[in-house]
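Q: Can you walk me through this one? I would like to start with a helix and then go over the charged pairs.

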Amino acid sequence: MRPMPSQPSSVAVYCGSNSGIDPAFAAAAASLGALLAERGLRLVYGGGHVGLMGAVADAVLDGGGEAHGVITRALEQKEIAHAGLTSLRVTETMHERKAAMADAADAFVMLPGGYGTLDEFFEVLTWAQLGIHAKPCAILDVAGYFDPLRAFLDGAVAAGFVHPAHRDMVIMDDDPARLLDRLAAWTPVEVSKWLDRAERLSPAAG
């Protein structure tokens with residue numbers, strides 16, 4: 001039976017270890033971090049001091065909030081582990097890192113980033129789809145960065161690979177405050193991933 005959700009007290013943020021070209025990316029990360037601190041929500045993230053990772057962590061700490069990092073030993077130097085965090089856990093493998101972040105968070109937010117960011121977010125999203133956890137998954141869209149991803153998800157529904165209810169599981173917003181409000185109001189999807197053929201071919205399934 002899928003566990004009932006509760007109001008989040010900690011949020012895992014997945015984002016780039018680079019800042020990207022558009023200054024709006026770092027500004028959005030800082031804005032989200034400031035809001036997390038203001039609302040008393042603990043940050044769980046990849047533990048780096050650089051890029052968007054550093055921007056969101058610094059904003060949380062500057063706002064008097066808690067920032068908890070999880071980083072692998074191999075990435076500790078490459079991503080320049082943040083020295084001023086509330087706590088920093090060093091793991092041996094990426095699998096351990098991702099599991100530790102998922103366990104420590106009540107909700108998940110993806111900001112702009114690359115392969116690793118997408119990998120981390122879609123893993124926890126898949127777990128939500130399968131009912132492994134009942135935690136909301138959201139994307140903070142910045143300067144249209146995720147427009148192609150939005151189109152891909154809609155295309156996956158149209159092609160019959162994703163149920164519309166599972167597409168709707170992905171909260172996407174371009175306003176950090178509204179995004180956090182929607183995380184707090186989220187309720188789990190009760191539709192099984194495993195659909196029979198008739199349901200897959202019905203108009204409601206795309």
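Q: What should I know about the model before we start?
A: It is a predicted model, where local features need pLDDT of at least 70, side-chain atom pairs count only at pLDDT 80 or more, and totals for chains, interfaces and linings use all residues. Residues are numbered from 1 along each chain as its sequence is written, and side-chain values use heavy atoms, with hydrogens and water left out.

Q: Which residues of α8 are buried?
A: Pro176, Leu179, Leu180 and Leu183 are buried in helix α8, which spans residues 176-185. Buried means under 20% relative accessible area, exposed over 50%, and partly exposed in between (1.4 Å probe, protein chains only). Helices (H or I, at least four residues) and strands (E, at least two) are DSSP runs, numbered from the N terminus.

Q: What covers them?
A: The cover on the buried residues of α8 includes α1 (23-38), β5 (107-110), β6 (137-140) and β7 (170-173). Contact here means heavy atoms within 4.5 Å.

Q: Is Cys137 buried or exposed?
A: Cys137 is buried, at a relative accessible area of 1%. Cys15 also counts as buried, at 8%.

Q: And how many salt bridges?
A: Nine, where a salt bridge is a side-chain nitrogen of Lys or Arg within 4 Å of a carboxyl oxygen of Asp or Glu. One of them joins Asp119 and Lys98, with the closest N and O atoms 2.9 Å apart. That pair links distant parts of the chain, since Asp119 sits in helix α5 (residues 115-129) and Lys98 in helix α4 (residues 94-104), 21 residues apart.

Q: What does Arg178 pair with?
A: Arg178 forms a salt bridge with Asp174, the closest N and O atoms being 3.1 Å apart. Salt bridges with shared partners join Asp173, Asp174, Arg178 and Arg182 into one network.
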